[in-house]
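Here's a quick briefing to read with the model open beside you.

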Amino acid sequence: MFPKSCDEVQIRLVDSDTRASASARNYVEMAGGVKKKSPAPPHRVLATLRTLWQDKHMILFKAEYTILVTSVLWFLEIGVNIWVIQKVAYTEIDWKAYMDEVEGVINGTYDYTKLKGDTGPLVYPAGFVYIFTALYYITNHGRNIRLAQYLFAVFYLLTLLLVFRIYHRTKKVPPYVFFFVCCASYRIHSIFVLRLFNDPVAMMMLFGAVNLFLDRRWSLGCGLYSLAVSVKMNVLLFAPGLLFLLLSEFGLIRAIPKLSLCAAIQFLLGLPFLMENPTGYITRAFDLGRQFMFKWTVNWRFLPEWLFLSRYFHLVLLAAHLMALLLFVLRRWKRPGESILDLLKEPGKRVLPAQQLSSDQMVLILFTSNFIGMCFSRSLHYQFYVWYFHTLPFLLWSAGFKKLAHLLRVLILGLVELSWNTYPSTTYSSAALHVCHLIMLVSLWLAPVPAPPPAPTQPLGPASQGEKAKSQ
C-alpha cells in the first residue's frame, strides 16, 4: 500500500532511523562484550522495608503487623525482667511455704493432711508437687532465690510467646495493645518474678494447651490442659468451654477418650498420695469449698465481712456462675437452630451440617468461660490477676458494642490494672473492678458470632463439570 501523505512518509522514515540506531547500539555493545542487563526486581527484604515505611503510621493499628510488634516487645521484655530482678526487692510470700511442702514429700510423707508450710496446709494437686520439687533441687533446696527469679522470668517469656501466637492466629487485636499486655503491667511482673507464685506456671501450661487446640491437636492439648489443672485448680474455669469445644468437634462418644485422658493424668499424678490417704488427697488438693480471708480480697471489699463469709452468698454466686454459663451455651456459643442434644451426636449425624469452629470462635469460648468464672468468684487475691490478664484484650476487642471505641477499651484495661494494683483494696477499687467486669460481660453477650472458616474447595471432576455445564 502507498502512504497517504508526506507526513506519513516522514513518520515512517523516523521510525526506520530509530530502529536502525537501536540495532547499531546493540551491535556495538555485543561486539565490545557488553550485554545490557534488564533491571533486577527489588530485593524481598527491601520490598518489605518499603512496605513498612509506607504503612508506618498503621503498624500499630493493623493486625497484620502483630508478629513485628510482638517480636520487638518480647525482646524488650528480656531487658525489663532483668531490670526488675536486679533493681526491685524480692518479697517473700509463698515460696518458702512451697519449698517446705515439697520437702515433706521428699522426706517420705505422702499423706496430704500432714503436708504444710508457713502459710498453711498443702492445697494444690500433685502436679504442683512434682514441678516445685524440681525447682527445689535446681535452686539449692529453695535457697537460691535469684536463680528462681530468673527461672520464672523464663516462664514469663514463654507465656508471652504462647499468648502472642494465639493473638497472631486470631488477628483480633491491634498491635499497639500488646504494650499493655506485657511492658505496662507492674502487677504481672510482680506475680512472676518478685513473688514466685504457682499461678503463672499453671497459666503457662494452659496457654500451651490453647495453642494445641488451635492446631487441632486435641489429645496433646487435653493432656497439657490436665497438667495445668494439676498445678492449680483455677484452670478448671476453662473446663466448660473446653467441654463445649470437644462436643462440637467430636460428639459425646468420640469426646470420651479425650476426657478420659484428662482424668487418667490426674489419677496417675496423684497415685502415690491416693495410695497413702485417698480421702485426704482429694479433700485437700481439690477443695472447692475452701474459705478465703476477707483481708486479701480484691473484688468484694465493698461488702461487710459477715456477708463475704456467708455460705448463702457463696451459693448465690455459684448459681449465678452456672446460669451465666448456661445462657452463653444456649444463646451465644451454639448455632441458632441447633439443639444441645445435637452436640452429643457425631458431627455427621446432626440435623444441621457440622461446621468446624474457627480460631476466633474457639478462643472466644475458652476465654469467655474463664472470664465468667472470674466475674462470679467468691474471692480474688492479687496473684489471681494472672488467671485472666492476658485474655482481657481479646475479650474487649470481641465486644458487641459498636461504640466501644479504642479509647474506651484501653480505659477499661487501665481501670482493671488500677484495681489490681490498689493495695490494700478499697471499696472504690473493688467496685470499679466489678463495673469493668459487667461492661465486658454485657459486651460479650452482644458480640457478633465469629464466622466459621470457609469450607475447603474441591476440584471439579468430570462428572461435576458435566453437571455444571448442564446447569449453565
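Is Glu 338 buried or exposed? Glu 338 is buried, with a relative accessible area of 6%, where buried means under 20% relative accessible area, exposed over 50% and partly exposed in between, using a 1.4 Å probe and protein chains only.

Before going further, some ground rules. This is a predicted model, so local features need pLDDT of at least 70 and side-chain atom pairs count only at pLDDT 80 or more, while totals for chains, interfaces and linings use all residues. Residues are numbered from 1 along each chain as its sequence is written, and side-chain values use heavy atoms, with hydrogens and water left out.

**The chain overall**

- The protein chain has 20 helices and two strands; these are DSSP runs numbered from the N terminus, with helices being H or I of at least four residues and strands being E of at least two.
- Out of 472 residues, 47% count as buried.
- Take the contacts (heavy atoms within 4.5 Å) with a separation of 6 or more: 75% of them are between residues 24 or more positions apart.
- The accessible surface is about 25100 Å², and 67% of that belongs to carbon and sulfur atoms; areas come from the Shrake-Rupley method with a 1.4 Å probe, and for residues only the protein chains shown count as cover.

**A bent helix**

- Helix H11 covers residues 239-276, which is 38 residues, yet its end C-alpha atoms are only 29 Å apart.
- A straight helix would reach 56 Å at 1.5 Å a residue, the expected span being 1.5 Å times one less than the number of residues.
- H11 has a kink of about 115°, centred on Gly 251; the bend at a residue is the angle between axes fitted to the seven residues ending there and the seven starting there.

**Salt bridges**

- The count is nine salt bridges, each being a side-chain nitrogen of Lys or Arg within 4 Å of a carboxyl oxygen of Asp or Glu.
- As background, side chains of opposite charge can pair when their charged atoms come close.
- Asp 118 and Lys 96 pair up at 3.4 Å, N to O. Asp 118 sits in the loop between strand E1 (116-117) and strand E2 (120-121) and Lys 96 in helix H4 (residues 95-106), so the bridge ties together parts that are 22 residues apart in sequence.
- Asp 118 is exposed at 55% relative accessible area, whereas Lys 96 is partly exposed at 41%.
- Lys 96 and Asp 118 also belong to a network of salt bridges that includes Asp 100.
- Arg 165 and Asp 215 form a salt bridge at 3.2 Å, N to O. The two are 50 residues apart and link distant parts of the chain: Arg 165 is in helix H6 (residues 145-170), and Asp 215 is in the loop between helix H9 (199-214) and helix H10 (218-229).

- Glu 338 is in the loop between helix H14 (311-333) and helix H15 (340-344).
- Its side chain meets that of Arg 335 in a salt bridge (3.5 Å, N to O), and Arg 335 is partly exposed at 23% relative accessibility.
- Setting aside neighbours within four places in sequence, Glu 338 contacts Leu 343, Arg 350 and Leu 352.

**A nonpolar patch**

- A nonpolar surface patch has about 740 Å² of accessible area in total, and its residues include Met 323, Leu 326, Ile 340 and Trp 445.
- Patch residues have over 30% relative accessible area and no salt bridge; nonpolar side chains (Val, Leu, Ile, Met, Phe, Trp, Tyr) are joined within 5 Å, and like charges within 9 Å.
- H14 and helix H19 (427-445) each supply at least two of the residues, and H14 gives the largest share with four.
- Ile 340 is in helix H15 and is partly exposed, at 32% relative accessible area.

**Distant in sequence**

- Val 177 is in the loop between H6 and helix H7 (178-181), and is buried at 0% relative accessible area.
- Not counting residues up to four places away in sequence, Val 177 touches Pro 393, Trp 397 and Leu 413.
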